Amino acid sequence: MAEQKVKGKIVIDTERCKGCGLCVEVCPNQRIEIADTLNKKGYYPGRFKENPKKGEKGCTGCAQCALVCPEVAIEVYRAK
């Protein structure tokens, strides 16, 4: 099976994120999780699972996570 090419990536501003989990729920490929460490404000922020394991799908750059983020804490980058 060929290595699946990752089409996108996201960057989450962990200090702006309040850990609401909306991005986790909306991600079609389950590439976002809630971190187990607190940020400076006392929230558990979202964390991007960057390297997909075999059989997992990578980030497609769909930007659904950024659209639902109430804190505007997610930047989406797409591969060219």
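A residue counts as buried when its relative accessible area is under 20%, as exposed when that area is over 50%, and as partly exposed in between, using a 1.4 Å probe and protein chains only. Ala63 is buried because its relative accessibility is 16%.

This is a predicted model, in which local features need pLDDT of at least 70, side-chain atom pairs count only at pLDDT 80 or more, and totals for chains, interfaces and linings use all residues. Residues are numbered from 1 along each chain as its sequence is written, and side-chain values use heavy atoms, with hydrogens and water left out.

Stay with Ala63 for a moment. Helices (H or I, at least four residues) and strands (E, at least two) are DSSP runs, numbered from the N terminus. Ala63 sits in the loop between strand S3 (46-48) and helix H2 (64-68). Its phi is positive, about 70°, although Ala63 is not a glycine. Most residues other than glycine have a negative phi. Val72 also has a positive phi, about 50°, and is not a glycine either. Find Val72 in the loop between H2 and strand S4 (74-78). Is Val72 buried or exposed? Val72 is exposed, because its relative accessible area is 58%.

Now look inside. Nonpolar side chains tend to be buried together in soluble globular proteins. A nonpolar core is a set of buried Ala, Val, Leu, Ile, Met, Phe, Trp, Tyr and Cys residues joined through side-chain atoms within 4.5 Å. Here the largest such core has 12 residues: Ile10, Ile12, Cys17, Cys23, Cys27, Ile32, Phe48, Cys59, Cys65, Cys69, Ala73 and Ile74.

Contact means heavy atoms within 4.5 Å. Cys23 belongs to helix H1. Cys23 counts as buried because its relative accessibility is 10%. Beyond its neighbours within four places in sequence, Cys23 is in contact with Ile32, Cys65, Val68 and Ile74.

Ala73 lies in the loop between H2 and S4. At 4% relative accessibility, Ala73 is buried. Which residues does Ala73 touch, not counting those up to four places away in sequence? They are Val11, Ile12, Asp13, Arg16 and Cys17. Ala73 and Arg16 are 57 residues apart in sequence, yet 5.7 Å apart in space, C-alpha to C-alpha.

Leaving aside neighbours within four places in sequence, Phe48 is in contact with Gly8, Lys9, Ile10, Ile12, Arg31 and Cys59.

Follow that list to Arg31. Arg31 is in the loop between H1 and S2. Arg31 is buried, because its relative accessible area is 3%. A polar contact is a pair of N or O atoms within 3.5 Å; within protein, one must be able to donate a hydrogen and the other to accept it, and residues adjacent in sequence count only if both atoms are side-chain atoms. The side chains of Arg31 and Glu56 are joined by a polar contact of 3.1 Å. Not counting residues up to four places away in sequence, Arg31 touches residues including Arg47, Phe48, Lys57 and Gly58.

Asn29 lies in the loop between helix H1 (22-26) and strand S2 (32-34). Asn29 is buried, at 14% relative accessibility. The side chain of Asn29 reaches the backbone oxygen of Gly58 at 2.9 Å. Gly58 is in the loop between S3 and H2. Gly58 counts as buried because its relative accessibility is 9%. The C-alpha atoms of Gly58 and Lys9 are 8.5 Å apart, although 49 residues separate the two along the chain.

Next, the cysteines. A disulfide is a covalent bond between the sulfur atoms of two cysteines. It is counted when the two sulfur atoms are within 2.5 Å. How many disulfides does a search of the whole structure find? The search finds 0. Cys20 is in no disulfide; the nearest cysteine sulfur, that of Cys69, is 6.2 Å away. Cys20 is exposed, with a relative accessible area of 52%. Cys27 is buried, with a relative accessible area of 13%.
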